[in-house]
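Hi everyone, thanks for coming.

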Amino acid sequence: MGTRESAIERAREFFDDGRFRSLLADLVAIPSTAQDPAYEAELVRYLETAIRPWVERLGFTATIHPNPLAGFGPILTAERIEDPGRPTVLLYGHGDTVRGLDEQWRQGLTPWALTEEGDHWYGRGTADNKGQHALNLAALEAVLAERGGRLGFNVKLVLEMAEERGSRGLREFVAANRALLAADVLIASDGPRVDPELPTIATGTRGIYQFDLVLKLREGGVHSGHWGGLTTDPAIRLTHAIASICDARGKILVRDWLPRNGVPAEVRGVLAGCPVGGAEGAATIDPDWGEPGLTPAEKIYGWNSFIVLAMVSGRPEAPVNAVAPDARATCHIRYTVDTDPAGFGPALRRHLDEHGFADIEIREPGVRMAASRTPPDHPWVRWAQASMQRSLGKRVQIIPNSSGGLPGDVFMDHLGTPLVWVPHSYNGCKQHGPDEHLLTGPAREGILAFAGLWWDLGEAGTPG
């Protein structure tokens, strides 16, 4: 009948003998970037030639659907139902990537070919997200083989091709297909561990609220010699406005943007002793940046942050001797579920007005990706933690939400599924820039952990 240990060993052999690396190389070779219209056909090819044949071989019934929103990538769904009385897991992933940025990769690397250097596997999508969902499917295949073609539970899969464009269309698709996607729990992988050496479970994600600050004073620039010192400089006013929003050490001064009751006790408790970044990321962490009195883990996983993504006044690439006519900054608030984003815009307007910046406009404010969180002590979360710790023989860190954005809110809102995100990457993987890579250590642990999870789902003792 097979054993748990043998299933994990099958997964280990698949990774160690090079078969997983070969599989991932084939996936990376498909340039499925969602951010370049010239590659639109590759989004379909990824699903049609790489994913659909694979999951059908595993006994899934698969369908590729057009995105409800025109111009965005298709969505694949697949299901493998053995017994409606057993648990049903929804597995999520995305096969689209950001732009290749071919010319920016260092010598010897290219985005659309997997290159191995030590424990780094370079290539676009290795970490975000081809490598991560491929590990989970490969682990499922190992358990199927060990159990003689059965799992003992049911699996549904949704694989989108527009995540790197804000998962546009996914909410509409899930809302229209509740019955098709109904499940007891979502278990999926994306994003980074808290530390490369520490397996992690995230129970949600921070959200993204974006807006532009704009000050337009005149139609064109005026001579800096004749008018400098006499006419208002929009760049100076805009920088002072931003300085009123956030102090020189990153503390948010618009206090209505923050969780009213501070970091919740259950969040603080689960983050006690939680590391951030690992050795490679330590140099990027400035201990005195951000909200005073919080640990680094609380700052990134339990609090809100304000970031200026871009700022421009005049033409920095070709400056002229003129007082610029306008200035603009694009800003993000990364926020947790403990704050209502509906209040961000009004609070900012009040703040700017009270500080003498009524002339600065707030343009295109809104949520780009909503925050989500399943309680860290939810039975499915604790069950997954126990399973992973048994498989890996080491501590598994639970965090209340990852630091980045994922569409977990879509599944919570329309399916009511608790979220169990198990990332197989780390925060130094360069996932949105050149030289993206997957570390083999966390990846290897990922396939072993999921082999154990899939095995345990077919046994007695699952939540509910």
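Predicted model: local features only at pLDDT ≥ 70, side-chain atom pairs only at ≥ 80, totals over all residues.

Let me start with a question: does Glu-298 count as buried or exposed? Keep that in mind, and I'll come back to Glu-298 once we've looked around a bit.

What you've got here is a protein with 15 helices and 19 strands. If you follow the C-alpha trace along the principal axes, the span is about 85 × 50 × 45 Å. Buried residues make up 56% of the 464. And of the contacts with a separation of 6 or more, 81% are between residues 24 or more positions apart.

Okay, charges. There are 46 positive and 59 negative side chains, and the centres of those two sets sit 2 Å apart. Side chains of opposite charge can pair when their charged atoms come close. In this structure we get 29 salt bridges, and I've picked out a few.

First up, Arg-12 and Glu-9, with their closest N and O atoms 3.0 Å apart. Both sit in helix H1, three residues apart, which is about one turn of the helix. Arg-12 is partly exposed, at 26% relative accessible area, and Glu-9 is partly exposed too, at 33%.

Now on to Arg-124 and Glu-436, where the closest N and O atoms are 2.8 Å apart. Arg-124 is in the loop between strand E5 and helix H4, while Glu-436 is in the loop between strands E18 and E19, so this pair ties together parts that are 312 residues apart in sequence. Arg-124 counts as buried, at 0% relative accessibility, and Glu-436 is buried at 0% as well.

That brings me to Arg-268, which forms a salt bridge with Glu-298, closest N and O atoms 3.0 Å apart. Here the link runs between distant parts of the chain: Arg-268 is in helix H9 and Glu-298 in helix H11, 30 residues apart. Arg-268 is partly exposed, at 37% relative accessibility. And here's what I promised you: Glu-298 comes in at 5%, so Glu-298 counts as buried.

Key
Residues numbered from 1 in each chain as written. Heavy atoms only, no water. Helix = DSSP H or I, 4+ residues; strand = E, 2+ residues; numbered from the N terminus. Buried < 20%, exposed > 50% of the residue type's maximum accessible area, 1.4 Å probe, protein only. Contact = heavy atoms within 4.5 Å. Lys, Arg positive; Asp, Glu negative; His and termini not counted. Charge placed at Lys NZ, Arg CZ, Asp CG, Glu CD. Salt bridge = Lys/Arg side-chain N within 4 Å of Asp/Glu carboxyl O.
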